[in-house]
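I opened this model to look up its sheets, cores and a few loop residues.

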Amino acid sequence: MAWFDDTHHFKKSRIKLAHITDSHLFADPQGQYFDINTAEYLKQVLQQLTQYEIDGVIFGGDLTQDHSVASYELFSLLVKRSGLSCPVFWVPGNHDEIQMLEQMSRGQISAAKRLCTNNLDILLLDTKGETPAGWCEAQHLKDIEAVIKSSEHKTIAFCHHHSIPINGYLDKHILENGPQLLNTLVNTGDVLAVFHGHVHNEYHSQYRGLDVYATPATSVQFTKHVSDWQQQDLGPAWRLVCIDGQNYYTEVVWLNE
């Protein structure tokens, strides 16, 4: 279970998490993704998080658009300048290089993949495949099952790719063995919800009673339920996840509302 060996303990029962995802940064802080300055939008989100007494930030993948070391350094710099004092965790997206994410993980940015409160566990999963579509390796699925069964607490999980079709263009890049992952989570009997990014908009569905939530991007959003790839500048957004004991509450926060 090497992926989950690094553990972070919050040492309390009530915490607030922020799920932010799909920043698509460039080496140049003025770099634009579909005419949007992604660094500026991420900066605005991080600044807003300081108003929420956040205990931890989970970055949901696709940090970079140009795959440069400098884009990861820019992410670290924006976090450092944001005023946030809480740890920042991550899962890899299809645009990311895990080695670069690990090299970025020092100080406030943590490589921990098992986060524990006094009553609930949070697992950060690896769905990065060989293509833009996701894939969970067989050993990773076994490790997920083992780490869940090793705990006496309920669990929520975060990953990058979507496992359930959204009836849109991005379904061509879905987690290809999504049902295997979801069945692994459901069959343990201990998983409450899974949160993901990748689809650049807000969604909520269920799989065998398991809640599945998509968080909008800090960058551009993708139009829902269209067969071609359409982008919308709806402003950046993030998801608040409040944990109280073994219960949770979640909502999406749009900066333009």
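The entries below go from set-up to sheets, cores and single residues.

**Set-up.** I am working with a predicted model, where local features need pLDDT of at least 70, side-chain atom pairs count only at pLDDT 80 or more, and totals for chains, interfaces and linings use all residues. I number residues from 1 along each chain as its sequence is written, and side-chain values use heavy atoms, with hydrogens and water left out.

**Open sheet.** I took helices (H or I, at least four residues) and strands (E, at least two) as DSSP runs, numbered from the N terminus. I count two strands as paired if DSSP finds at least two bridges between them. I looked up an open sheet of five strands and read its order as β6-β5-β2-β15-β16, with mixed pairing. β6 (88-90) and β16 (247-254) are the edges; each has a single partner strand, so one side of each lacks a neighbour in the sheet. For angles, I use lines fitted to C-alpha atoms, for helices over the stretch in contact, and values run from 0 to 180 degrees between N-to-C directions.

Next I checked β5 (residues 56-59). β5 runs parallel to β6, and three bridges join them. Val57 sits opposite Val88 in β6. Helix α1 (residues 38-49) packs on this sheet and touches β2 (14-20), β5, β15 (237-244) and β16. The direction of α1 makes about 170° with that of β2.

**Cores.** I define a nonpolar core as buried Ala, Val, Leu, Ile, Met, Phe, Trp, Tyr and Cys residues joined through side-chain atoms within 4.5 Å. Buried means under 20% relative accessible area, exposed over 50%, partly exposed in between (1.4 Å probe, protein chains only). Which members of the largest core touch the most others? I found Ile20, Leu49, Val57, Phe75 and Trp238, out of 51 residues. A second, separate core has 18 residues, among them Ile15, Leu17, Val91 and Ala112.

Leaving out residues up to four places away in sequence, Val57 touches Ala18, Ile20, Leu49, Leu84, Cys86, Pro87, Val88 and Phe89.

**Around β9.** I moved on to β9 (154-158). Four of its five residues are buried, so I noted β9 as mostly covered. β8 (residues 120-124) pairs with β9 in the parallel sense over five bridges. Leu123 faces Ala157 of β9 in this pairing. The chain goes from β8 through α4 (residues 138-149) to β9, a right-handed β-α-β crossover. I call a crossover right-handed if, with the strands pointing away from the viewer, the path from the first strand over the helix to the second runs clockwise.

β9 also pairs with β10 (residues 191-196), again in the parallel sense, over four bridges. Thr155 has Val191 in β10 as its bridge partner. From β9 the chain crosses through α5 to β10, and this β-α-β crossover is right-handed.

**Loop residues.** Is His160 buried or exposed? I read a relative accessible area of 0%, so His160 is buried. His160 lies in the loop between β9 and α5 (178-188). Its side chain makes a polar contact of 3.0 Å with that of Asn94. Such a contact is a pair of N or O atoms within 3.5 Å; within protein, one must be able to donate a hydrogen and the other to accept it, and residues adjacent in sequence count only if both atoms are side-chain atoms.

Most residues other than glycine have a negative phi. Asp22 is not a glycine, yet has a positive phi of about 55°. Asp22 is in the loop between β2 and β3 (32-33) and is buried at 0% relative accessibility. His198 has a positive phi near 75°. His198 is in the loop between β10 and β11 (203-207), and is buried with a relative accessible area of 4%.

How values were computed:
Contact means heavy atoms within 4.5 Å.
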